[in-house]
Amino acid sequence: MRSIVIGFVAGAVVLQNQAALPSSTLLTLLLALAILSAWRSRSVQRKAVRIALLASCGAVAGFAWAGLFAQHYLGNALPRDWEGRDITVVGTIDSLPYRFDQDVRFNFAVERILATDGAAPVVPPRLALSWYSAFHGEDLQGVGDVQPGERWQLTVRLRRPHGNANPDGFDYEVWLLEQNLRATGYVRPDRGSPLKNERLDVFVPSFGNAVERCRAWLRDRILAALPDKEYAGVIVALVIGDQRAINQSDWKVFNRTGIGHLVSISGLHITMIAGLFAAGAFALWRRSFFTQMQLPLILPAQKFAALVGAATALLYVLLAGFGVPAQRTLYMLSVVAAALWLGRITSVSHVLCAALGIVVLLDPWAVLWPGFWLSFGAVAIILYASTGRGYAPASGLTTKEKLVATLASASRTQYIVTLGLVPLTLLLFGQISLISPLANAIAIPLVSFFVTPLALVGSVLPAPLANWVLGFAHLLVDWLAQALQWMSAFPAAVWTAPIPPWWTFLAALIGTLWLLAPVGWPARWLGIVGLFPIFLNKAAHPSEGEMWVTAFDVGQGMALLVETSHRRLLYDTGPAYSPESDGGNRVILPYLKSRGISSLDMMIVSHADNDHSGGALSILDELEVASVSSSLPAAHALVNRARDHQRCAAGQSWSWDNVRFDMLHPTADSYEIAKLKPNARSCTLKITIGTQAILLPGDIEAGQEAELLDKDREQLRASVLLAPHHGSGTSSTARFLRAVQPDIALFQVGYRNRYHHPKAEVFARYGEMGIKRIRSDDSGAITLRFGPALDVSEYRTAHARYWYGR
């Protein structure tokens with residue numbers, strides 16, 4: 001069974017890395033063939049051959065199963081013709097709504113479509129919707145008080161799933177696919193429309209709606225008991241698994257100290273609660289013999305306790321939103337309970353593989369997320385490191401000796417997990433929390449044995465008891481957070497490194513397994529040699545005479561990283577998406593950390609518009625930036641935060657590693673002209689290496705293009721042009737393009753952005769001049785490598801996946 005499961009998971013991993021899906025017919029045939037072959041392989045006598053055959057059959061089955069799953073979900077697509085059109089739908093709120101500012105986000109299960117203008121639109125069965133109180137600067141109607149399970153009639157405007165595509169960034173498109181959310185959109189105002197946005201029913205009975213309504217009820221009770229409390233979101237996360245109310249600043253502390261796994265309904269919490277209920281049920285059921293009921297004679301107490309424990313785990317996992325760590329624990333406990341009921345002894349490895357197989361069977365995309373590998377990896381490494389090690393029973397020991405033995409066992413387990421997950425943690429995150437063992441030694445018992453039980457009990461108690469219990473739980477979290485903040489402030493709290501290549505990861509994995517091998521394994525200390533390559537891994541950089549430029553996919557905004565052999569410059573930082581999310585912390589920083597880049601030599605913010613400066617503060621909060629150049633006003637927060645700031649002005653120039661940087665615009669005296677818009681002062685930078693150059697003009701428009709032409713049209717010549725103002729209708733004049741004569745033009749634009757950039761006529765103008773056009777909304781991040789030749793790589797092509805554009 002174990003070989004089949006491992007092969008099944010491997011097959012699912014291979015499928016999720018495909019650029020295109022095989023046909024449903026071929027996948028069905030492969031699945032049938034794999035099942036038949038596995039059945040026949042059971043009769044093979046040689047064990048090694050049988051295991052290899054079963055693993056191969058499992059791999060084919062996993063590949064085919066994951067592909068059929070994907071084909072089914074992809075079939076629920078919104079036609080391109082219906083993007084951006086108003087559609088009135090009736091359906092139910094089938095998720096826990098998330099409220100931010102005056103707005104709300106929720107998932108919507110469509111029941112029927114109200115056709116308009118004689119048309120019959122095709123709408124996916126589940127939608128991810130936002131309801132804004134204001135949109136594009138327009139005041140809209142009040143946002144509805146949506147609750148899970150309610151039936152609503154809504155007029156919505158939809159688009160197909162689309163997310164930013166960047167190296168080492170979060171893949172929003174596959175996340176939507178996994179949730180079977182095949183369109184996103186927002187609720188339109190119904191002013192002047194006969195079809196109103198209105199609630200039709202207060203509750204539509206179903207199991208899923210009942211679960212989500214219970215989760216909403218618990219969340220509301222907790223937030224009401226902890227009004228304006230800083231860590232109320234942590235209490236909510238521990239009770240119902242909803243982490244969206246936790247501040248990004250708190251997540252930074254939790255991740256730096258390595259306790260992020262505790263700020264959720266983790267496997268440890270589920271096991272503890274299930275075990276508590278099972279122990280109580282066992283004690284009560286066994287003692288019922290001394291009543292007149294004699295229940296143990298009807299059903300053994302062990303079986304009843306197993307049933308109660310499994311049911312408790314199921315209830316808790318449902319409240320948790322069914323995350324992978326919670327699923328893993330539920331399935332493991334369920335397998336153990338089933339083995340007890342059936343009278344079959346089950347090994348820990350069989351239990352782990354059963355849970356692994358069930359998770360991937362029900363959710364083939366689970367293999368794409370770090371939580372899947374960390375969750376199962378932690379259990380697997382503990383199981384591996386404990387093999388062959390016997391521990392003396394605790395009977396006959398004094399209380400003090402039992403305590404010492406317990407602490408020693410807990411310390412050893414923490415050591416095993418910390419060391420065992422080093423290669424995987426570096427591969428997934430590019431960093432290791434060095435303070436994690438100490439932080440977890442404090443946080444695990446506090447959160448598991450005090451905060452979580454108090455939060456669970458307090459969430460269901462009547463007031464004012466709920467307020468007191470939840471208040472005490474919050475106080476403990478507050479104390480813990482203060483300790484964690486102190487720990488995370490240590491300069492050496494986190495060790496960062498570039499994401500390792502496959503061979504260094506494999507060497508580190510072998511070395512780690514060697515170090516943690518069972519007693520009797522020869523020269524276990526030699527395993528440290530395998531870790532050397534991963535710890536000596538250095539950030540990649542251009543060779544002498546080369547330059548790399550990465551144009552990030554930040555949506556409607558600009559952000560480019562320029563690298564020479566020893567220096568790095570960031571030009572613009574993308575937009576701010578929300579008060580806690582921006583191009584800096586969502587796109588740029590994850591990429592820089594994956595590369596092992598912890599500092600920048602310069603950051604240029606071309607002008608004050610949000611889509612260029614929105615991520616700048618996040619960059620300064622996380623990285624050491626030697627200098628900042630911008631056209632921002634003196635009172636701007638970024639100017640005050642920068643360690644060294646100067647205004648960009650025409651005539652400034654410098655050289656790094658034989659690469660020349662020339663600031664062409666704005667002029668120094670333009671800062672005295674109050675009526676100029678920020679666009680008109682965009683810092684325009686030309687970067688030249690050998691005979692090639694790239695021109696970065698920010699959001700300059702036709703007037704500024706004319707100024708540059710009048711000043712010195714020859715200085716504008718460049719092989720690559722970042723389209724001014726995202727290809728707006730007020731820029732990219734024919735005269736300007738003839739002067740630049742680019743071979744390639746980059747358009748950093750958002751998918752179906754509200755400005756309709758690039759304008760059709762402007763985009764066509766580039767094409768008519770024979771200029772190769774590359775759009776970030778189509779291509780994702782764009783990498784340019786300047787050297788003897790110019791190499792261009794588009795992320796959605798180089799890292800093609802079957803869900804892109806689907």
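The crossing of helices α16 and α17 is left-handed, a term used when the near helix is turned anticlockwise from the far one by less than a right angle, with right-handed used for clockwise. The model examined here is predicted, so local features need pLDDT of at least 70 and side-chain atom pairs count only at pLDDT 80 or more, while totals for chains, interfaces and linings use all residues. Residues are numbered from 1 along each chain as its sequence is written, and side-chain values use heavy atoms, with hydrogens and water left out.

Helix α16 covers residues 436-460 and helix α17 residues 465-488, and the two pack at an angle of about 165 degrees with their axes 8 Å apart. Helices (H or I, at least four residues) and strands (E, at least two) are DSSP runs, numbered from the N terminus. Axes are lines fitted to C-alpha atoms, for helices over the stretch in contact, and angles run from 0 to 180 degrees between N-to-C directions. The pair α16 and α17 is therefore roughly antiparallel; angles under 35 degrees count as roughly parallel, over 145 as roughly antiparallel, 65 to 115 as roughly perpendicular and the rest as oblique. The contact (heavy atoms within 4.5 Å) between α16 and α17 has 20 nonpolar, two polar and no charged residues. In this grouping Ala, Val, Leu, Ile, Met, Phe, Trp, Tyr, Cys and Pro count as nonpolar, Asp, Glu, Lys and Arg as charged, and the others, Gly among them, as polar.

Helix α16 also meets helix α8 (residues 267-287), at an angle of about 60 degrees and with the axes 10 Å apart. These two helices are therefore oblique to each other, and α8 passes α16 in a right-handed crossing. On the α8 side the contact involves Leu268, His269, Met272 and Ile273, which meet α16 residues including Ile444, Val447 and Phe449.

The contact of α8 with α10 divides into 15 nonpolar residues, four polar and one charged.

Turning to the cysteines, a search of the whole structure finds one disulfide, defined as a pair of cysteine sulfur atoms within 2.5 Å. The bond joins cysteine 648 to cysteine 683, with an S to S distance of 1.8 Å. Cysteine 648 lies in the loop between β21 (645-647) and β22 (653-656), and cysteine 683 in the loop between β23 (659-665) and β24 (684-689), so the pair ties together parts that are 35 residues apart in sequence. The torsion about the S-S bond is about -55 degrees, so the disulfide is left-handed. Both cysteine 648 and cysteine 683 are buried, where buried means under 20% relative accessible area, exposed over 50% and partly exposed in between (1.4 Å probe, protein chains only). Cysteine 57, in contrast, is in no disulfide, and the nearest cysteine sulfur, that of cysteine 353, is 17 Å away. Cysteine 57 is buried, at 10% relative accessible area, whereas cysteine 214 is partly exposed at 42%.

Arginine 647 lies in strand β21 and is partly exposed, with a relative accessible area of 40%. Not counting residues up to four places away in sequence, arginine 647 touches Ser629, Ser630, Gln652 and Tyr671. Proline 666 lies in the loop between β23 and β24 and is joined to histidine 665 by a cis peptide bond, with omega about 5 degrees. A cis peptide bond also joins histidine 757 and proline 758, with omega about -5 degrees.

Most residues other than glycine have a negative phi, and most peptide bonds are trans. Asparagine 180, however, has a positive phi near 60 degrees. Asparagine 180 is found in the loop between α4 and β8 (184-187) and is buried, at 14%. Asparagine 180 is also one of the residues in contact with tyrosine 73, leaving aside neighbours within four places in sequence. Tyrosine 73 belongs to helix α3 (residues 47-74) and counts as buried at 17% relative accessibility.
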